[in-house]
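Please open the model in your viewer and keep the selection tool at hand. The stops below are meant to be followed in order.

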Amino acid sequence: MMSLSLGVDIGGTDTKIGVIDDQGAILAQTRFATRPDRGAESLADEIVVNAHNLSEIDGIAAIGIGAPGPLSSKDGVIFKSPNLAGWVNVPIRDMVARRLDRPAILENDANAAAYGEYVAGQRAGGDVDGVQRGDMVLLTLGTGIGSGAIVGGEILRGCHENASEWGHMIVVPGGRTCGCGQRGCLEAYASAAAIASRFEKMSAKDVFAAARSGDGVAGEVVEEACRCLAIACVNIQHALNPDRILFGGGMSAAGDFLLACVRRHFDALRWNVHDDFPALELARLGNDAGMIGVGLLALQSGDDLVWGS
Ligand SMILES: [Zn+2]
């Protein structure tokens, strides 16, 4: 029998739920407004109602929950998130598992998206099945910069479960202050919000469009963002030596224009002692990556699944 999971992706604005099969296909899906101000109990109740509307819960083997961090996958707890105002130490995994009487896991949404791209993204791109998948890093360029790394087929977590925060890699020492308090983070230069903040009444999309049509000021801001992304890619290369670095999130809609600019800076900055460079590519699953990834993770978690207590 085909194994099915529920992939639940809790975002600051919307929560998405999908029935996911073991190939990463979405068999059914829905979404609703998250409303963090109503509290975690209310959100857990709403997840349950939507889950029952989507599928016979008896046919669901496991539930994967993706959420913005910082959080602990091990403990199933969201510590505190700028995107979920007022939530402190919420044991969301057990809350949902108990209500649906199914085992569950909790994963950082950026890690989940990376895992989704790693397993299902290649397939979506038409790559040959069964091809050896090398280590991969995903940079999600949105309001902030989320990121995840897959090393040896596993999510890279670190001792305190905060590895792979590439958005907070310092790319300009002493540079602009980031929302996290550090100065010179990648996120302070290359996120959509950082790019838009340099202009009045322009979105990152507008800035890219202006740069494309030859506007000098917009062009400089885009060049700076791409150069910072390229610095990050060189550093990631030396830290992990991955096969691929993917760009996802809203800003990746700039597509080949973005990719060509980052590649140009990457080629100018990288070392020349060995040609072990990662391929720089666009992500393929769009906004579904987190939901698919966390659903796949739930199906593969085995002993790590928790029934809730
Ligand atoms: Zn930062």
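The tour goes from the domains to a glycine, then to a helix and a strand.

The model is a predicted one, in which local features need pLDDT of at least 70 and side-chain atom pairs count only at pLDDT 80 or more, while totals for chains, interfaces and linings use all residues. Residues are numbered from 1 along each chain as its sequence is written.

**Stop 1: the two domains.** Select 4–112 + 288–304 as domain 1 and 131–283 as domain 2; these bounds come from an automatic or database domain assignment. Their C-alpha centres lie 27 Å apart. Eight residues from domain 1 and nine residues from domain 2 form the contact, two residues being in contact if their C-beta atoms, placed from the backbone, lie within 7 Å.

**Stop 2: glycine 293.** Select helix 9 (residues 289–300), where glycine 293 is found; helices (H or I, at least four residues) and strands (E, at least two) are DSSP runs, numbered from the N terminus. Glycine 293 is buried, with 35 other C-beta atoms within 10 Å. The term buried requires 20 or more other C-beta atoms within 10 Å of a residue's own, exposed means 12 or fewer, and partly exposed lies in between, with C-beta atoms placed from the backbone. Leaving aside residues up to four places away in sequence, glycine 293 touches Ala112, Ala113, Ala114, Tyr115 and Gly116.

**Stop 3: helix 8.** Select residues 255–269, the 15 residues of helix 8, which at 1.5 Å a residue should span 21 Å, in agreement with the 21 Å between its end C-alpha atoms; the expected span is 1.5 Å times one less than the number of residues. Within helix 8, Leu258, Cys261, Val262, His265 and Phe266 are buried. These residues cover an arc of only 135° around the axis, and are therefore on the same side of helix 8; the arc is that of the directions from the helix axis to the C-beta atoms. On the other side, Gly255, Asp256, Ala260, Asp267 and Ala268 are exposed. The cover over the buried residues of helix 8 includes helix 7 (216–240), strand 12 (244–248) and strand 13 (279–282).
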